[in-house]
Amino acid sequence: MSQGSTDQAFARMLSDNRAALARLARRYAARDDWQDLLQEMHLQLWRSFAGFDGRAQLSTWVYRVALNTALSHRRKPRRDHAPLEEIHERGDAGVPGDPMSVLEAFLSELDPIQRSVLVLDLEGMEREQIAEVLGISLGAVATRMTRLRQALEARIQENP
Amino acid sequence: MMDWSKLRQQWQAEGVGASQSVPLEEVQRRDRSVRRRVKARDLIETVTAMLVAPAFVAIGWMLAGKGKWAAVGFCAFLVLWAAYVPIRLWQARRAMPSPNHELPMIDYLRQQRLAMIAQAEMLERIWIWYLAPCAVGVVGLSLSVSGPTRGVLIYSAIVLAFCALLGKANHYAARKQFRVHADHLETQIAGMTREETR
């Protein structure tokens, strides 16, 4: 692949995934640090892009690089509460007591691995893909996902 | 009952309109900047050694003229040490597992753990290849030039104490920063593999 076409393919990949990457960065970095994490994700994707061999789906590869970057980027503690302006940016996600607000609080309490399972599920990935991103079996993904969904559902019911 | 698909839709709608596109040039510029910083760090280490080594060559040359051969020997030792330090640092960095972000998360965590342990070991051994040779060289040079005078003994004690303090600080950083992180990663990996065996 020539440099020009690599640049084009990378720019397209970044454009296709920009919202998903921003969502990930927000959940893995401190409130004032998520844009740094997002830039770090872009950088790692760029550095790894030439090595992408197409054996995995592009989306699986993108999430692998992004999540691994997020796990390394733990210089500052993750935010526990979103500021008001961020809540407004997220549209209807910030109404107190609504499922999205409960989800945000729930995610902030999970360890990074559990958070990854739930976040990838919310991103619409198949269980097989999640297993590929995390490097664990399909059964382990299913077990975790069931537990996480049950716990989240219980939390939502506690906050009608 | 929780509507999972609605929750997913709401999740995926976040930031779709708000996110700005990322100019490729910006990513490439950042990449170049990070690479430049790494090169600059290596250059500073080498230049420092290049400044230290000629200084001891000059001192050794001067002492050779006065026939102080033991002092010349210590100068030669310090020149070798100054030349060896950047090489040792370069070797240590090369031996360090470089992070491969494309790996599945569990393998990435294993790799990170190995990197943390390697980093800790490097700090724990710094006294062998950095502090001890420096202390021996400087103290030996002072004693061989002036003999065991009160001033030289006080100076030697300060040098040795400073080196011991740096060694302790590096041990502390290895334990508190890297060993703790490696243990934390091991717990995470164990958590992921425990699910496998259930």
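A: What follows begins with the chain around the core, goes on to the core itself, and ends with the contact between the chains. Because this is a predicted model, everything described here is computed from predicted coordinates. Chain A holds 8 helices and 0 strands, and of its 160 residues 38% count as buried. Among the contacts in chain A between residues at least 6 apart in sequence, 63% join residues at least 24 apart.

The largest nonpolar core has 46 residues, and the members that touch the most other members are A:Leu21, A:Leu24, A:Ala25, A:Leu37, A:Ala66 and A:Ile130. At least two residues of this core come from each of α1 (3–28), α2 (34–49), α3 (58–72), α6 (112–122), α7 (127–134) and α8 (138–158) in chain A, and likewise from each of α4 (105–124) and α6 (150–197) in chain B. To take one member in detail, A:Ala25 touches A:Trp34, A:Leu37, A:Leu38 and A:Met41, when residues up to four places away in sequence are left out.

As for the contact between the chains, 37 residues of chain B are in contact with 49 residues of chain A. On the side of chain B that touches chain A, two or more residues come from each of α1 (4–13), α2 (24–65), α4 and α6 of chain B, and α1(B) gives the largest share, 7 residues. The residues on that side of chain B divide into 18 nonpolar, 10 polar and 9 charged.

Terms used
Residues are numbered from 1 along each chain as its sequence is written. Chains are lettered from A and ligands numbered from 1 in the order in which they are written. This is a predicted model: local features need pLDDT of at least 70, side-chain atom pairs count only at pLDDT 80 or more; totals for chains, interfaces and linings use all residues. A nonpolar core is a set of buried Ala, Val, Leu, Ile, Met, Phe, Trp, Tyr and Cys residues joined through C-beta atoms within 7 Å. A residue is buried if 20 or more other C-beta atoms lie within 10 Å of its own, exposed if 12 or fewer, and partly exposed in between; C-beta atoms are placed from the backbone. Helices (H or I, at least four residues) and strands (E, at least two) are DSSP runs, numbered from the N terminus. Two residues are in contact if their C-beta atoms, placed from the backbone, lie within 7 Å. Ala, Val, Leu, Ile, Met, Phe, Trp, Tyr, Cys and Pro count as nonpolar, Asp, Glu, Lys and Arg as charged, and the others, Gly among them, as polar.
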